[in-house]
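Hi,

Here is the structure I promised to pass on. Have a look at it first, and then read my notes below.

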Amino acid sequence: MFEGRVAIVTGGTRGIGAAITRMLCENGASVAAGYSRGKESAERFRDTMAAGGAKMSIHQGRVDETDDCNRVFKEVIDEFGRVDYLVNNAGITIDKTVRKMTVDDWRQVLNVNLSGAFQMTKSVLEHMIERGSGRIVMISSVIGETGNVGQANYAASKAGLFGLVKSLALEMAQRGITVNTVAPGFIATEMVEAIPEAALAKVIEKIPQRRLGKPEEVARVVRFLLEDEASYITGAVYNVNGGLDM
Ligand SMILES: NC(=O)c1ccc[n+]([C@@H]2O[C@H](COP(=O)([O-])OP(=O)(O)OC[C@H]3O[C@@H](n4cnc5c(N)ncnc54)[C@H](OP(=O)(O)O)[C@@H]3O)[C@@H](O)[C@H]2O)c1
């Protein structure tokens, strides 16, 4: 399906990002998976994938650092010669109520989740414009739609992505580049495993399907949006949340 195509997946060696990387490789793409601090686990993931025949590379870089984004883009061009798909998946949480949240807690989350997606997009955009084609997918969150106690910074960053996507989709509409958002609900990854057990049980009670989602269930929607046949879909939000918000 994606033979000859090249994708960058930020945060692509763990959790939802790893599922997206795996899905892309299984469908024939070459994938440059980004990571920030998890060098050892990124290397392990790459080695396992390579043993299975995947064409993938890993790239250290912080999405909240402009120079890192530009360097990672250059590394990918040097290695694969082109970029067809960008999946802005890297994200963090620093959960506290607004009363306890410091300005630094606020800035860190906004810098990675929102400004990071902006900066990585800036790094690849001119290349996509020159080629007259490209697909950009942002991984937002149901929390960006509903808000959540203790997650004002995270909710604001994920809501911000909706505005970024819609504006960029308009700007790119006549340039062969689609820009869309996938908004997962609660998905079984390390990010959700960090929620205390009792609190997680309460979350699951509120999910109409009464279970967490799987990273692969998010990756399938990303695959759909990257397919050639999805060419008329832009500026859209796809929820993958078991009915938690509709
Ligand atoms: N899990 C959920 O329930 C859920 C729900 C809705 C939305 N999401 C969103 O889905 C995305 C992936 O979530 P996940 O659950 O898979 O999270 P995760 O397991 O915690 O993985 C986060 C990924 O982001 C990378 N990352 C963190 N800070 C970075 C930075 N400054 N620069 C570059 N990469 C950075 C991490 O790299 P390192 O490994 O090197 O640290 C890691 O690969 C996030 O945007 C998250 O907000 C998750």
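Predicted model: local features only at pLDDT ≥ 70, side-chain atom pairs only at ≥ 80, totals over all residues.

Numbering starts from 1 along each chain as its sequence is written, and side-chain values use heavy atoms, with hydrogens and water left out.

Now the helices (DSSP runs of H or I, at least four residues, numbered from the N terminus). H4 (residues 103-131) and H6 (residues 152-172) cross at roughly 20°, and their axes come within 8 Å. The axes are lines fitted to C-alpha atoms over the stretch in contact, with angles from 0 to 180 degrees between N-to-C directions. H4 and H6 are therefore roughly parallel to each other. In their contact (heavy atoms within 4.5 Å), the H4 side includes Trp-106, Phe-118 and Ile-129, and the H6 side includes Tyr-154, Leu-161 and Met-172. By class, that contact of H4 with H6 has 15 nonpolar, five polar and two charged residues (Ala, Val, Leu, Ile, Met, Phe, Trp, Tyr, Cys and Pro count as nonpolar, Asp, Glu, Lys and Arg as charged, and the others, Gly among them, as polar).

H1 (residues 15-26) and H9 (residues 215-226) pack at about 50°, with axes 8 Å apart, so the two are oblique to each other. Their contact divides into 10 nonpolar, one polar and three charged residues.

And the ligand? A backbone N or O atom of Ile-16 lies 2.8 Å from a ligand oxygen, and one of Arg-37 lies 2.7 Å from a ligand oxygen.

Cheers

Technical notes:
Parallel < 35°, antiparallel > 145°, perpendicular 65-115°, else oblique. Polar contact = N/O pair within 3.5 Å; in protein donor to acceptor, adjacent residues only side chain to side chain.
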